[in-house]
Amino acid sequence: MDFNRGTLVVAQSMDADLSGTKPIFTFKSPKSGRPRSVAMPSFVAEALRRHRAQQNEERLRLGPKYKIGYDLVLAAEEGEPLHPERFTATFRRAIKGAGLPDCGPTLRHTCATLSLAAGANPLVISQALGHHDPGLHTASVRSRLTWNAGTGCRCDGSDVAAGS
């Protein structure tokens with residue numbers, strides 16, 4: 001995260017193998033094969049600054065118990081990756097608590113759906129998500145938003161397209 005420039009870099013994605021008793025996390029390059037820079041609105045940068053400060057306090061409190069090798073923005077208490085089910089449950093509670101519609105199983109789809117509903121430029125959204133072709137996914141989300149406009153954007157998760 002570059003707070004001075006208001007950007008963050010998506011340099012890797014994480015997979016979790018949940019077949020065993022304990023998740024096994026692996027990190028890999030994004031689907032595009034290269035990192036991408038994403039603009040952060042000032043309110044996001046400020047929230048992430050506060051979050052990072054809390055993480056640093058937690059690191060100091062835990063000392064050597066804190067797993068510093070991951071350096072994750074969102075991490076479990078001791079710095080390890082969050083279990084995917086725990087993250088999803090926490091995220092959905094936060095969305096509901098904020099009075100926002102649940103727009104799909106991932107943060108990226110919720111961001112895309114709510115951004116389009118707010119009138120953001122589809123090309124900018126597509127680039128932030130790392131899509132090579134903004135047309136198909138954006139058109140799918142936009143058509144559902146238009147169709148649901150009378151009901152206040154009832155997002156039902158059907159915006160999740162294969163490969164997005």
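Q: Of the 164 residues of the protein chain, what percentage counts as buried?
A: The model is a predicted one, in which local features need pLDDT of at least 70 and side-chain atom pairs count only at pLDDT 80 or more, while totals for chains, interfaces and linings use all residues. Residues are numbered from 1 along each chain as its sequence is written, and side-chain values use heavy atoms, with hydrogens and water left out. A residue is buried under 20% relative accessible area, exposed over 50% and partly exposed in between (1.4 Å probe, protein chains only). Of the 164 residues, the buried share is 24%.

Q: In what order do the elements of the protein chain run from the N terminus?
A: Helices (H or I, at least four residues) and strands (E, at least two) are DSSP runs numbered from the N terminus. The protein chain has five helices and four strands. Read from the N terminus, these elements run β-β-β-β-α-α-α-α-α.

Q: How many salt bridges does a search of the whole structure find?
A: A salt bridge requires a side-chain nitrogen of Lys or Arg within 4 Å of a carboxyl oxygen of Asp or Glu. One network of such bridges links E46, R49 and R50. Over the whole structure, the number of salt bridges found is nine.

Q: How many residues apart are D71 and R52, and which parts of the chain does the pair link?
A: D71 and R52 join their side chains in a salt bridge of 3.4 Å, N to O. The link is between distant parts of the chain, with R52 in helix α1 (42-62) and D71 in the loop between α1 and α2 (84-97), and the separation is 19 residues.

Q: What is the relative accessibility of E80?
A: K67, its salt-bridge partner, counts as partly exposed at 33% relative accessibility. E80 also counts as partly exposed, and its relative accessibility is 27%.

Q: What is the N to O distance in the salt bridge of R86 and E77?
A: R86 is partly exposed because its relative accessibility is 39%. E77 is partly exposed at 47%. Their side chains meet in a salt bridge with an N to O distance of 2.7 Å.

Q: How far apart in space are K65 and E78, C-alpha to C-alpha?
A: K65 is placed in the loop between α1 and α2. With a relative accessible area of 55%, K65 is exposed. K65 and E78 are 13 residues apart in sequence, and their C-alpha to C-alpha distance is 6.6 Å.

Q: How many aromatic pairs does the structure hold?
A: Rings of Phe, Tyr and Trp (its six-membered ring) pair if their centres lie within 6.5 Å; planes under 30 degrees apart count as stacked, over 60 as edge-to-face and the rest as tilted. By this criterion, the number of aromatic pairs in the structure is two.

Q: How many residues separate F27 and Y70?
A: F27 and Y70 form a tilted aromatic pair, at 6.0 Å centre to centre and 45° between the planes. The pair links distant parts of the chain, F27 in strand β3 (residues 24-28) and Y70 in the loop between α1 and α2, and the separation is 43 residues.

Q: Within what arc do the buried residues of α4 fall?
A: Helix α4 (residues 122-129) has I125, S126 and L129 as its buried residues. Seen down the axis of α4, these residues line one face of the helix, because the directions from the axis to their C-beta atoms fall within an arc of 100°.

Q: Which residue just after α4 takes a positive phi?
A: The buried residues of α4 include L129. Just after α4, a positive phi of about 85° is taken by G130.
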